[in-house]
Amino acid sequence: MLSSLYIQNYALIASLQIQFDQGMTVITGETGAGKSIIMGALSLILGNRADTSILFNHSEKCVVEAVFDISSQDLSSFFEENNLDYQESTVVRREIAVSGKSRAFINDTPVTLPILKEFASQLIDIHSQHQNLLFQNADFRTDVVDFYAGIRNEVVNYQSVLEKMKTCEKHLDDLRNAQKARAEKQDFLQFVYNELEQARLQENEQEELEQNVDFLTHTETIKANLFQISQLLSESDNAALNALRDAKSLSSEISLYRSDIEELNSRIESNYIDLKDIVSDVSSLSDKIEFAPDELERMRQRLDLLYGLEQKHHVTSVAQLIEKKIAVLEEITAYSTDEQSVSTLEAELQQLRTSALTMAQKLHKERISAAKGLQNDILKNIVLLGMPDAQFVINIEQRDILNNFGIDDIQFLFSANKGVPVAPLEKSASGGEISRIMLSVKSTLSDHSVLPTVVFDEIDVGISGEMAGKVAALMKQMAQKRQLLVITHLPQIAATGTSHYQVFKDNVGDTSHTQVKKLSANERIVEIAKMMSGAKWGDSALKAAQELIEQ
């Protein structure tokens, strides 16, 4: 059960602490006071998404913390599977940072939202008036039957097989499409590969060719410059080598007189030796260089081939051409393995489809078996809620196509009056009738549920008078087996609770704050009197409220 709820910096709530008791707790207050805000904060504990728009103060984080007594439930395996510390009094906390980042904790251990949702779904169920629209949802109708039949685990197993089947179908479709596409361009791919293979591509070849072509193109200029260098260094009258030789001779004569002159002489001698080597290298290089027009033409043709292939395949290097060739070969090779892969996937798909169909047929039988008892139990509650002539039928029809829940199409059919044929509930029931039917469904399912806490958030909309008393009686009956939290605007329901909280707004300066107060016995009488008579309540209203509580 839910022991306490702490809310900080959420919507109109700056800080709030609520303690909850067993049995039926009612929460009342004027419209806009913030009753549903409290449920919104509690929904964060259930793993619902939130953003910074819920922050009361946008410079501080939001914190919602709930304490659950789980001593009566067998949840130890959940804690073990998720590496959590088991405590009979378990604390669940959710934080929304100023940045919008959300964090969740179970007993101070960080958990993901899916884990938080899985845990909270075993503790509490929140039902609001907006959920009456769920009758229009085929998944909800099926889930009601499955919950009553106790086959939810079987449904999960079926959905796992169905998901594998859908994945297999997609892979098979993708493979067939790829196979078809490859088949259509096999000749082209083979042509491309042959062309690249015949080119005998080598990495770095293009760079070497470009350098050699550039060199051979300028052979005459290179030889002429080398000849002039040789002349300047050693052949002319003023050749540098001759001048450096004479300088070396002169410095050698005086090198004995001072150490710095000796060092200078060594440097001149070293430069003379280097210059002689340069002259020799220039002469040797000049002799080796020959203009080769045939070789130049061959290189240019090779480059033209490489440039043409790069342009054709939209790449910029030989390395990328080689990668292209490898990719084309892989695609050609893949085609040869497609047929075997298709056959393997077809066999796997057939096996999965057979398994899914077998499981779906078993689910159908389980639902058919449970439907009669479910509709009778729901109808009993509907009659208790003031519709003695109502008819309620669960109609289950098989379909040819597997869906997320099997092969069943489940309809809830309803008629409020004798002699009127049943029709889909969402089309044949009024708003007030739908509220009572939903309460009947929830009450029936609660008898088959281990959920310790159920929350009703103003589901009594459209109900008044005598019906309100009957709804209150049914809620009181539900609260005998579990904790019930009820937000209501009806005095008949408020009078039924074992604990009563009032939600109100408190203005602090220019800011409104939502506050919650647990009412004493006398305060409770006054609150219910106000709910019965409005602002102008008197002794007669107080007496009526007292009698309502004592009933």
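Leu42 touches Leu2, Leu5, Ile124, Ile126 and Val455, once residues up to four places away in sequence are set aside; contact here means heavy atoms within 4.5 Å. This is a predicted model, where local features need pLDDT of at least 70 and side-chain atom pairs count only at pLDDT 80 or more, while totals for chains, interfaces and linings use all residues. Numbering runs from 1 along each chain as its sequence is written, and side-chain values use heavy atoms, with hydrogens and water left out.

Leu42 also shows up in the largest nonpolar core: with Ile7 and Ile38, Leu42 touches the most other members among its 47 residues. A nonpolar core is a set of buried Ala, Val, Leu, Ile, Met, Phe, Trp, Tyr and Cys residues joined through side-chain atoms within 4.5 Å. Buried means under 20% relative accessible area, exposed over 50%, and partly exposed in between (1.4 Å probe, protein chains only). Helix α1 (residues 35-45) supplies the largest share of this core, seven residues. There's a second, separate core of 28 residues, with Val454, Leu474, Val486 and Ala529 among them. As a general point, nonpolar side chains tend to be buried together in soluble globular proteins.

## Arg524: buried, no salt bridge

Arg524 sits in helix α17 (residues 521-533); helices (H or I, at least four residues) and strands (E, at least two) are DSSP runs, numbered from the N terminus. Arg524 is buried but has no salt bridge, and the nearest side chain of opposite charge, Glu527, is 9.8 Å away. For a salt bridge, a side-chain nitrogen of Lys or Arg has to be within 4 Å of a carboxyl oxygen of Asp or Glu. On charge, Lys and Arg count as positive and Asp and Glu as negative, with His and the chain ends not counted.

What Arg524 does have is a polar side-chain atom 3.1 Å from the backbone oxygen of Ala495. Beyond neighbours within four places in sequence, its contacts are Ala494, Ala495, Thr496, Gly497, His500, Leu519 and Ile549.

## Two Asn residues with positive phi

Most residues other than glycine have a negative phi. Asn83, in the loop between α2 (76-81) and β5 (89-96), has a positive phi of about 55°. Asn107, in the loop between β6 (102-106) and β7 (109-111), has a phi near 50°. As for accessibility, Asn83 is exposed at 68% relative accessible area, whereas Asn107 is buried at 8%.

## Gly432

Gly432 belongs to helix α14 (residues 431-446) and is buried, with a relative accessible area of 13%. Its C-alpha atom is 9.0 Å from that of Ser464, 32 residues apart along the chain.

Terms used
Polar contact = N/O pair within 3.5 Å; in protein donor to acceptor, adjacent residues only side chain to side chain.
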